[in-house]
Structures are given as C-alpha cells and as structure tokens.
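Dear colleague,

Here is the structure that I said I would pass on to you. Please open it beside this message, and then read on for what was found in it.

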Amino acid sequence: MSEEFEILSRKIDALTEIVAEITPMARERAKQLTAAPTEKRATAESLVQQILLDIGAPDHLLGHPFVVEAVVLCVNDGCYINNITFGLYPQVAAKFDTTASRVERGIRHLVEIAFDRGDVDVLYSYFGNTIRRDRGKPTNGEFIARIANVVRQQLGA
C-alpha cells in the first residue's frame, strides 16, 4: 500500500511542476479566451436594449429583460429559435426565477406595446415587410428571431 502511495505522490509532484511552469503569457491567453463570451454577451445585450428602445418598447415593462435574455440566447445558440415554448421560455424563466408562462406573457405584452405605441417608420426599418396592418403584430417567436438576426448582423457573427 505504501508503494502505491509513493507512486501516486510522485505523479502529483510531477503534475504540480507542470502546472507551475505555465507561462504568464499562457495564463493571459486563457483569461482572454474565457472573457471573450462575456464581452460578446455584453455587446449583444446593449444592442438588444438599444433596438427595443428604438422601436418604442419601454424598459420598465416586465418583458424587457425577458426579451433581452431571449435574444442573447438565440444569438449565441440558434437552436433556441426553433424551440421557443419548451426550450427558450423555460431557460429565460430559470434565470429570472419565474415561470415560462409569465415569460411568454411578458414578452407578448412588450410586443403589443411596441407595436401599438412605437414609431411605424422605425418598426418598418427593423421588421421590413414582415409587418402589415391586416396581419397585425408579429408573434413572440417572429419578434425574437428578427431582433436576433439584426443583432447577429451588427455583431458580424
């Protein structure tokens, strides 16, 4: 038993030496690699918030942070846009400690307010020919998908 312990102890010492030899440059590069998604997320969040304010969605609405989070998730992982009810809403709800149905309702309310009170020209600049008087406002999924596409284009992703 002590022989196995001795072998294990030598292996631990060898690994400790290897870890200690990591250069400061390698440590800095590792920090950059782990920081990049956070910076991209912050940029995406600020773009989404600006778009929402541009189209006339007030930031005091409960759905505002839900839309921001939903769009950022869709920008980072396009699979969410195809699974809104059982993928996106629960993910957003978990972050804000609420239910998926409240997330859906909050987003729907924000879309209603934006399309009732928002500037038609600005809405048209973001949503183009996807909005028509006879058709009404977009669905939550259409709204999130369109804003996610605009953010992806602006980020160059």
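Leaving aside its neighbours within four places in sequence, which residues is H64 in contact with? They are Q49, L52, A57, P58, D59 and L110, where contact means heavy atoms within 4.5 Å.

Before going further, please keep in mind that this is a predicted model, in which local features need pLDDT of at least 70 and side-chain atom pairs count only at pLDDT 80 or more, while totals for chains, interfaces and linings use all residues. Residues are numbered from 1 along each chain as its sequence is written, and side-chain values use heavy atoms, with hydrogens and water left out.

H64 lies in helix α3, residues 63–76 (helices are DSSP runs of H or I with at least four residues, numbered from the N terminus). H64 counts as buried because its relative accessibility is 7%, and buried means under 20% relative accessible area with a 1.4 Å probe, protein chains only.

The largest nonpolar core has 38 residues, of which L52, I55, V71, L88, F143 and I147 touch the most other members; such a core is a set of buried Ala, Val, Leu, Ile, Met, Phe, Trp, Tyr and Cys residues joined through side-chain atoms within 4.5 Å. Helix α3 gives the most to this core, with nine residues.

I147, not counting residues up to four places away in sequence, touches V48, I51, L52, V71 and F127. In α7, the buried residues are N140, G141, F143, I144, I147, A148, V150 and V151, and just after this helix G156 takes a positive phi of about 75°.

With best wishes

Note on methods. Helix = DSSP H or I, 4+ residues; strand = E, 2+ residues; numbered from the N terminus. Buried < 20%, exposed > 50% of the residue type's maximum accessible area, 1.4 Å probe, protein only.
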